[in-house]
Structure formats: structure tokens, C-alpha cells
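Hi,

Here is the structure I said I would pass on. Have a look at it first, and my notes come after.

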2 protein chains.
Amino acid sequence: MDNRLIVALDIFEEKKALEIAKNISDMVFAIKINWPLILGSGIDIVTKLSRFTRVICDLKIADIPNTNSLITKKVREKGAYAVIAHAFVGEDSLKAVVDSAGGAKVLAVVAMSHPGASDFMEKNVDDLVAVALKSGADGFIAPGNNPSMIRRVRERSMNKPIVSPGIGAQGGNAVEAVMNGTDYVIVGRSVYESAHPEDVVGDLNWQISEGLERRPGKYEILNL
Amino acid sequence: MDNRLIVALDIFEEKKALEIAKNISDMVFAIKINWPLILGSGIDIVTKLSRFTRVICDLKIADIPNTNSLITKKVREKGAYAVIAHAFVGEDSLKAVVDSAGGAKVLAVVAMSHPGASDFMEKNVDDLVAVALKSGADGFIAPGNNPSMIRRVRERSMNKPIVSPGIGAQGGNAVEAVMNGTDYVIVGRSVYESAHPEDVVGDLNWQISEGLERRPGKYEILNL
């Protein structure tokens, strides 16, 4: 079984990011980075981190097709394994990401882990999943702290994998998320704010195995 | 009357951006930049461009509150005059931008200029405007190539200004947008792809004046 843990380095400092990545690279599927780290370090951080493991650029891309395309090409060129983009901006915008991603995977955000996700996204989740599928996205981002939402996306996902943030600091539980259909678990603060990131990562991997064992047979385990 | 033209430098190259900014700074309200230029030049481009004119960071921020806050603080620290964030991620996420913006203005995206905007955003535009107002945003982004959408936002905007992209390459007309309620016009490709950006800027300023003159009295002219 491949590793299914993704560690989110939602921090500004390049040195700390590289140090954590180096220490945990053998125990994770990928590192996820977002704008704060890129703003702090420059886009070459993608290439630097890629020496240790896969890098997922969580840019929540949400612009018109032309701009989405420019952003995607740039991170792909730096070696990103996957990029994360919003489905909410529409099929053409998301398709521009898919068409510009080259060999990189595209994960479409269809639901989120914070309270404000209920203002618009949750009401539209079925259609967001449909738009993501039509655009050719490779998988979905759905909230790990919302098991019923994971199941809802899962039922409509046409066997494309679900990647879930919101575990740990945001209240989600890795065992429960995986049992309900999450294929990859993203954890941020619990790891990078720990004095012993390797221990936290080890424990999370155990939780993921536990969740997979207790998962209903109807939810095939899917690869990104 | 203050100048009401915003030039979008949606390009990668720092040198070209600085050169255009220097040449047109006296004829525009602000320069708008987005991720492609920041990825190409690093975030310090905000500070460099601020020497010539106001800088609006069009980051289409669309993440959870914690990440939105980190991004906003970083660009504010570099001297941004305003930041652009999405309303569809919800009130808490947008409020995190407002609360982290310091003296910078926050413009909320409530409608967009590309075809895919009709997939989700247009159906929710009234509620997106309401959420933007509740979050304390200083103004709205609405599409300059969609006059009925500008009027719709205008009627619900509680006298906060409307800033409109989609003019020029995306089909919108500056005179018409301003007549229908746009307070600031954003133009990108028509300016930066021109061999004579100053001439294009001069012509656009004339169009904005024309639009303001022909604007119905019920639409007060609003400042950002």
C-alpha cells in the first residue's frame, strides 16, 4: 500500500519547510504548499521541495481561463506533482487548469473545511462535482472534518480520488475521514507546529491504515 | 475628478511591468497585478510598482480564513493599496481578508467576466453581494462586459464602488460599463500588448469621462 498522508506546510519560512520536508519525506505521499510559503520563498521552493518528495501546489486557483492557465504553467514548469483549483469559477476556468497542467494532476475544490463553506459551496456541491468531472480534473478536495460531505462527494465522484484537509487543528479525524471515503489525508498544523513532526506523521499513518481497514467494501481505494 | 482607470499588468516579466508602470503612472488610478507577475518577479514587485502608483493585488484569494489572513498580511506589508478576494468561499474567509488588510482596501469578487461565471456565480450574485457587505469589503468586482450584471450589483451595493475588468480583449466597452454603474475600469491586454500603451490609456480615460457624463443621476460616482 502506498503512503496516503499529505503534509501541508502552510508556513512562510523556506528553511523550516525544507527541514521538515527532508525529515518526513519517506513517511508521506506528498508535501502540500500554498501561497504563504511561495510568497515567503519564491516559486523555486516547488523545485527545492521536489527533491525530497512530490509537491502539491494548493493555490486555490480561481480566475478567468487565461490567468488560470498562466499560473498552472508556471508551477508545472517548477515541477509540481499536482495543483489545486476551484470548481466554483466554472467549467472553462477549471478546464484551462487541466489543459495547462501537462503531466501534473489537477485536484478540484468542491467543498471546504471552514464554516463559511456552508454559505455557497455546500449548497452547490453536487453541481461542483459535476463541473469538476466535465473539466477533466483528476480528483477532488473535500473536507476531512465533514464525513457526510465526504460520502456525498464519494457517491458522485466516478471513482476519482478524494483528498481531504481539515484533519487535526480543524477538528477532523483521519480514521473517520478515510472510513467515509477520503483516499488521501492532508494534515498541516498538527505536524509543522509539533516539536516532533516525525512522531505525529507516524501516528497519522497508523490512523489512515486503521481507517482503510474499517472502510466499507463499496468504497474502492483510489490512487492519485 | 480623480482618474478612474486601472491597468492590469497580467504578465510575467518584471522589467516590462516596471517600464509600463513608469510610463503610464500619471494617467491611471492604479496598476493591478496578479499571480503570474508575482510568480515571475517575487512579491517585492508590489513595493517596486508602488513607487509609481497605487498597486491592487488581484489574488482572487479563496481559501480558509487562516490562509486568507496570511496571504493578505503579506501583500499589505509590501505596500498594496488594495487586494481582491472571492466572496464565494464565505463570510468568514472574506472577513479574514478584511480584518488582516490594515489600511488596504478589500474588493470582493461577486461576478466575473468569463463564460464559466454563469455556472455558479451569476446564480448566486445577490447573496454574494450580501456576504461581501456583511464581511466589510470596501467594494465589488463585477464584469465590465455584462452591463445588466453591473446594474444588478449596483442596485444592491449600498453605495460601495464597483470595479470592472473585462473591458477590451474580453469584449466589454468602457463607456457602457461606466454608464451602467462601474466606478473604476480595469483594462489589461489592450494596454500591455499595445506598442503605444500611453495612447491606449489616453483613449480609455476619454471613454470613462464619456461614460460618466452619460450616466444616470441615480448612480452616484463612488470613490475607492
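Below is what I found, starting with the interface and then moving into the chains.

One thing to keep in mind throughout: this is a predicted model.

**The interface between the chains**

On the B side, 43 residues are in contact with 43 residues of chain A. The area buried between chain B and chain A comes to about 3,400 Å², with carbon and sulfur atoms giving 68% of that.

Several elements of chain B each put at least two residues on the side that touches chain A, namely α2 (35-41), β3 (54-61), α4 (65-77), α5 (91-100) and α6 (125-135). The most comes from α4(B), with 6 residues. Sorted by class, that side of chain B has 21 nonpolar, 12 polar and 10 charged residues.

**Salt bridges, across and within**

Over all chains the count is 26 salt bridges, and 2 salt bridges are between chain B and chain A. One to look up is B:Lys60 with A:Asp63, where the closest N and O atoms are 3.2 Å apart. B:Lys60 also forms a salt bridge with B:Asp58, the closest N and O atoms being 2.9 Å apart, and both B:Lys60 and B:Asp58 are buried.

B:Asp58 in turn forms a salt bridge with B:Lys32, at 2.5 Å between the closest N and O atoms. That pair links distant parts of the chain, with B:Asp58 in strand β3 of chain B and B:Lys32 in strand β2 (residues 30-34), 26 residues apart. B:Asp58 has a relative accessible area of 3%, and B:Lys32 is buried too, at 4% relative accessibility. Starting from the other chain, you will find A:Lys32, A:Asp58, A:Lys60 and B:Asp63 linked in a network of salt bridges.

Elsewhere in chain A, A:Arg215 forms a salt bridge with A:Asp183, with the closest N and O atoms 2.7 Å apart. A:Arg215 sits in the segment after α10 (197-213) and A:Asp183 in the loop between α8 (174-179) and β8, 32 residues apart. A:Arg215 counts as buried at 8% relative accessibility, as does A:Asp183 at 1%.

**An aromatic cluster in chain A**

The whole structure has 7 aromatic pairs over all chains. A:Phe29 and A:Tyr81 form an edge-to-face pair, 5.8 Å centre to centre with 80° between the planes. A:Phe29 lies in the loop between α1 (14-24) and β2 (30-34), and A:Tyr81 in the loop between α4 (65-77) and β4 (82-86), 52 residues apart. A:Phe29 is buried, with a relative accessible area of 3%, whereas A:Tyr81 is partly exposed at 23%.

The rings of A:Phe29 and A:Tyr184 have centres 4.7 Å apart and planes at 45°, so this pair is tilted. A:Tyr184 is in strand β8 (residues 184-187), so the pair ties together parts that are 155 residues apart in sequence. A:Tyr184 is buried, at 1% relative accessibility.

**One more residue**

A:Thr72 is in helix α4 of chain A and is buried, with a relative accessible area of 1%. Beyond its neighbours within four places in sequence, A:Thr72 is in contact with A:Ile61, A:Val83, A:Val97, A:Ser100 and A:Ala101.

Cheers

Conventions: Residues are numbered from 1 along each chain as its sequence is written. Chains are lettered from A and ligands numbered from 1 in the order in which they are written. This is a predicted model: local features need pLDDT of at least 70, side-chain atom pairs count only at pLDDT 80 or more; totals for chains, interfaces and linings use all residues. Side-chain values use heavy atoms; hydrogens and water are left out. Contact means heavy atoms within 4.5 Å. Buried area is the accessible area (1.4 Å probe) that two parts lose on being put together, summed over both. A salt bridge is a side-chain nitrogen of Lys or Arg within 4 Å of a carboxyl oxygen of Asp or Glu. Helices (H or I, at least four residues) and strands (E, at least two) are DSSP runs, numbered from the N terminus. Ala, Val, Leu, Ile, Met, Phe, Trp, Tyr, Cys and Pro count as nonpolar, Asp, Glu, Lys and Arg as charged, and the others, Gly among them, as polar. Rings of Phe, Tyr and Trp (its six-membered ring) pair if their centres lie within 6.5 Å; planes under 30 degrees apart count as stacked, over 60 as edge-to-face and the rest as tilted. Buried means under 20% relative accessible area, exposed over 50%, partly exposed in between (1.4 Å probe, protein chains only).
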